[in-house]
Amino acid sequence: MDTIVMVGVIIAAIVVVSLAALGYMYFKHHHNVPNPDYKHPRFKPNHRQWSDEEVTFTWIGHSTVLINLYGTKILTDPVFGERVGVHLGGNWQIGPKRITAPALSIEEIGHVDLILLSHAHLDHFDMPTLKKLAGPGTRVITAQGIGHLLKRLPFREVREIPLGQEIHTQQGVSVRSVPVRHWGNRFPWNVTYGFTGFLIEKNGYRLFFAGDTAYTPTFRDLRKYGRIDVAFMPIGAYFPDEYQGTHCTPEQAWDMFMDTGATYIAPIHWDTFVLSREPVHEPLERLLAIAGRQVDRVIVREHGEVFRATDSQVMNGPNKTA
């Protein structure tokens, strides 16, 4: 009985420390933050009409992108809940509220072939969302050291990818782990949790998903793998300046995009959750300003906008009927 009591005390202590740490971080970093009205996206993608002979994607919100890559349905860092943070069971979750509704619900998306998880931060690795997506037909590729968090979920396969290594799926998709400048701890003691970006390729079409990163000059190394068509780059959560140790500014995102040699940049990680103090619309405004005469290379600027590419044509900007 003493052992059982001791285990219970230890578990309770861990829970208390976790909540205290989360509360401290939340109130420290969310003082004087923007408080915008909740909104719904202007665009509603009809992904069931997307062709498996093309590459099509839409921005669901934050770092969640739905991609049809020549018939392979991919979700990046899926988060669909109204909050992110510590999940206490049921509908109880402590953390930042969503300020923009997802462009599609999990039910509307349906089956997903592949989920990519860049790291275990609560706004990228959302357990309530992942539980709803788990099923025998869905594979998951994660950064190193975090796959065990999904061991009780009924995914078909969960694979961790070492930095610099490549995984090939049965559907012909290659996924390469790309080093980024960030951190991986879900809680302060998760010192072994990894973090990564992903270079994704099928049929010669390449997408780079940076996940979450501060400025790093290393993305120019991606050019050796061939032409990159679209780079998904985070542009928010950079103010106050101390945040730039782990998050890039819009100008730095543009510089890294140019380093990759990619044709288009799709901005992510902004206008979904308030995680910092810059005005919620500022990241895109600054990105468009730095792009200057190349502003047409900035695609999918709003939740729910659709980008569709074929071998013969690239459609830039929102496709409101897709």
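Residues are numbered from 1 along each chain as its sequence is written, and side-chain values use heavy atoms, with hydrogens and water left out. Because the model is predicted, local features need pLDDT of at least 70 and side-chain atom pairs count only at pLDDT 80 or more, whereas totals for chains, interfaces and linings use all residues.

Helices (H or I, at least four residues) and strands (E, at least two) are DSSP runs, numbered from the N terminus. Helix 4 (residues 250-260) and helix 5 (residues 282-291) have axes that come within 8 Å and cross at roughly 50°. That angle makes helix 4 oblique to helix 5; angles under 35 degrees count as roughly parallel, over 145 as roughly antiparallel, 65 to 115 as roughly perpendicular and the rest as oblique. Axes here are lines fitted to C-alpha atoms, for helices over the stretch in contact, and angles run from 0 to 180 degrees between N-to-C directions. On the side of helix 4, Pro250, Glu251 and Trp254 are in contact (heavy atoms within 4.5 Å) with Pro283, Arg286, Leu287, Ile290 and Ala291 of helix 5. The residues of this contact comprise six nonpolar, no polar and two charged. In this division Ala, Val, Leu, Ile, Met, Phe, Trp, Tyr, Cys and Pro count as nonpolar, Asp, Glu, Lys and Arg as charged, and the others, Gly among them, as polar.

Val280 is located in the loop between strand 14 (264-268) and helix 5. With a relative accessibility of 15%, Val280 counts as buried (under 20% relative accessible area, with exposed over 50% and partly exposed in between; 1.4 Å probe, protein chains only). Leaving aside residues up to four places away in sequence, Val280 touches Pro34, Pro36, Ile99, Trp270, Asp271 and Val274. The C-alpha atoms of Val280 and Ala237 are 9.4 Å apart, although 43 residues separate the two in sequence.

Backbone geometry was also examined. Most residues other than glycine have a negative phi, and most peptide bonds are trans. His269, in the loop between strand 14 and helix 5, has a positive phi near 65° and is buried at 3% relative accessibility. Tyr70 has a positive phi near 50°; this residue is in the loop between strand 2 (64-69) and strand 3 (72-76) and is buried at 11% relative accessibility. The peptide bond joining Phe239 and Pro240 is cis, with omega about 10°. Pro240 belongs to the loop between strand 13 (230-234) and helix 4.

A search of the whole structure finds eight aromatic pairs. Rings of Phe, Tyr and Trp (its six-membered ring) pair if their centres lie within 6.5 Å, and planes under 30 degrees apart count as stacked, over 60 as edge-to-face and the rest as tilted. Phe57 and Phe232 form an edge-to-face pair, 4.8 Å centre to centre with 70° between the planes. Phe57 lies in strand 1 (residues 55-61) and Phe232 in strand 13, so the pair ties together parts 175 residues apart in sequence. Phe57 is buried at 1% relative accessible area, and Phe232 is buried at 2%. The pair of Phe208 and Phe219 is also edge-to-face, with ring centres 4.9 Å apart and planes at 75°. Phe208 lies in strand 12 (residues 205-209) and Phe219 in the loop between strand 12 and strand 13, so this pair ties together parts eleven residues apart in sequence. Phe208 has a relative accessible area of 0% and is buried, and Phe219 is buried with 0%. One aromatic cluster is formed by Phe57, Phe209, Phe232, Tyr264 and Phe307.
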